[in-house]
Amino acid sequence: MPRRRDPGAPRVVHRTARVALRLTSGQRRRCFGLLRSAGDVWACVLEINSWRRRRRDAPLAGYQELCRELAAAGPGTFGELDTTGARSVLRRFSDAWFAAAKRRAAGEVSARFPRRRRRLVPVRWYHGTFTIEGRRVRIPAAKRMPPLRVPLARDLPYPVEQVRSITLLCDGGRLFLDVTAEVPIATYPPGEEPDPHRVAGVDLGIIHPFAVAGCDGEGLLVSGRAIRAEHRMHLADTKARRRAVTRRAPKPGEKGSRRWRQYRRRARAVQGRHRRRVRQAQHEAAATVIGWAQQRRAGVLHVGDPRGVLDIPAGRRHNLRLRQWQIGRLLQILTDKATLAGITVRLVDERGTSSTCPTCGRRVPKPRGRTLSCPHCTYSGHRDLVAAATIAARTPGGGPTTTAAPVLPEVVTHRRAGRHLPGAGRSRRDPRRPTMAARGSVGPRRPAPPPGGESLAHPARIHSIHRITR
């Protein structure tokens, strides 16, 4: 029977934070042993279903059926992995199986049941099975095995009494703990809470991950050029690494050398670092949007849903841009932060918002740059802000038609996402970018200065029109 919550208790949402671990060699060996044991549990379930499939029996997919099979296996079958951790693997398999069955029942033929073995599988422990003492977490182990105490790299972002589960996983060769907690929804003083009648539109993009237009003629532009540069430089760096090791790469089916394993380990570490950098920048961009909406008491966010473009083949290069865009993750991050702030998010059809004039309503050729210019009424404005204003005026579920006149922003706030990325700080230099000399171009040589000592450089442009008078 589901637990009933007190109507007077504050509403809560589940949030997950990833915390790195600082382990000794022995602790690291035991943690990887738990992940490998979880992979053995996953492989056993796949093997059992393979036998049943050969006998034309129904597969074992229900959580209770899988738990009965685990109990029949007996204790100590999977090394140091305890019953709670093994059951979390069975829960993961059952959820994946039923999710694939639901998608196939809906007509999605590309959905596949879980039939692939995994070497390392994340393990989850629920509230009451682990203990948190400051920066140390006590993880249970199997019977007759000492418990595992792992140190955290930083303090938990949530109070200990709010933590509901922890998940041990490996990302890019590094071990992390995903800590899930019940966080209460933000409360506001009277008169400062979000107003459900104040609606703001959000347009998702690549150059600008979030473009927001409010109902008071204010706008917000979050620049994501640093994120795009991170994707490009990571791709170029990966290609250069692959070209460098092509000659010593092992043949298909041949066992790799120690040098090759070191290269693969380094490649996984670089890939994990890239994902963490992009994820942090996306969280910073979403936090900027929610903070801007809280200051203006926006209670509803109409977000344009551009996921329909993912099914349109647009060539190799543009398909890569769409994959790196990560639309679903942006929507999920924005929704989570908005829910925690007490703001409602509604998805709106965004078709035609970037190519429709907001004043005359006629279709405009989609511009190549950021400025939308209407040849009919001579209107000119920022293309993403125009799309956000149009999205704010649309009705959720009402199709690509706009019934109300959009409120165009007159005051625009500019912010950047990803100040921590290489090349986005004060140095403005990405260490992965080769120098001009390395690229084979040193530029034209400048002539020597004249005897008088005057410089041949172009005169600097003074942008300030104010003059200092004495």
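Helices are DSSP runs of H or I with at least four residues, numbered from the N terminus.

View 1. The structure shown is a predicted model. Arg264 is placed in helix 5. With a relative accessible area of 36%, Arg264 is partly exposed. Arg264 belongs to a positive surface patch, whose other members are Arg28, Arg36, Arg119, Arg242, Lys255, Arg258, Arg261, Arg265 and Arg268. Two or more residues of the patch are given by each of helix 1 (25–54) and helix 5 (258–295). Helix 5 supplies the largest share, 5 residues.

**View 2. The salt bridge between Asp155 and Arg135.** The closest N and O atoms of Asp155 and Arg135 are 2.7 Å apart. This pair links distant parts of the chain, 20 residues apart. Asp155 lies in the loop between strand 5 (148–151) and strand 6 (163–171), whereas Arg135 lies in the loop between strand 3 (131–133) and strand 4 (136–139). Asp155 is partly exposed at 46% relative accessibility, and Arg135 is partly exposed at 39%.

**View 3. The salt bridge between Asp237 and Arg241 in helix 4.** The side chains of Asp237 and Arg241 meet at 3.0 Å, N to O. About one helical turn separates the two residues, because Asp237 and Arg241 are 4 residues apart in helix 4 (residues 225–244). Asp237 has 19% relative accessibility and therefore counts as buried, the cut-off being under 20%. Arg241, at 28%, counts as partly exposed.

**View 4. The salt bridge between Asp384 and Arg370.** In this pair the closest N and O atoms are 2.8 Å apart. Asp384 is buried at 7% relative accessibility, while Arg370 is partly exposed, with a relative accessible area of 23%.

View 5. Arg18, Asp171, Asp178 and Arg275 are linked in a network of salt bridges. The count of salt bridges comes to 15. The protein chain contains 8 helices and 15 strands, and 37% of its 470 residues are buried. Of the contacts in the protein chain with a separation of 6 or more, 68% are between residues 24 or more positions apart. The accessible surface of the protein chain is about 29,700 Å², and carbon and sulfur atoms account for 50% of this surface.

Terms used. Residues are numbered from 1 along each chain as its sequence is written. This is a predicted model: local features need pLDDT of at least 70, side-chain atom pairs count only at pLDDT 80 or more; totals for chains, interfaces and linings use all residues. Side-chain values use heavy atoms; hydrogens and water are left out. Patches are made of residues with over 30% relative accessible area and no salt bridge: like charges are joined within 9 Å, nonpolar side chains (Val, Leu, Ile, Met, Phe, Trp, Tyr) within 5 Å. Accessible areas come from the Shrake-Rupley method with a 1.4 Å probe; for residues, only the protein chains shown count as cover. A salt bridge is a side-chain nitrogen of Lys or Arg within 4 Å of a carboxyl oxygen of Asp or Glu. Lys and Arg count as positive and Asp and Glu as negative; His and the chain ends are not counted. The place of a charge is taken as NZ of Lys, CZ of Arg, CG of Asp or CD of Glu. Buried means under 20% relative accessible area, exposed over 50%, partly exposed in between (1.4 Å probe, protein chains only). Contact means heavy atoms within 4.5 Å.
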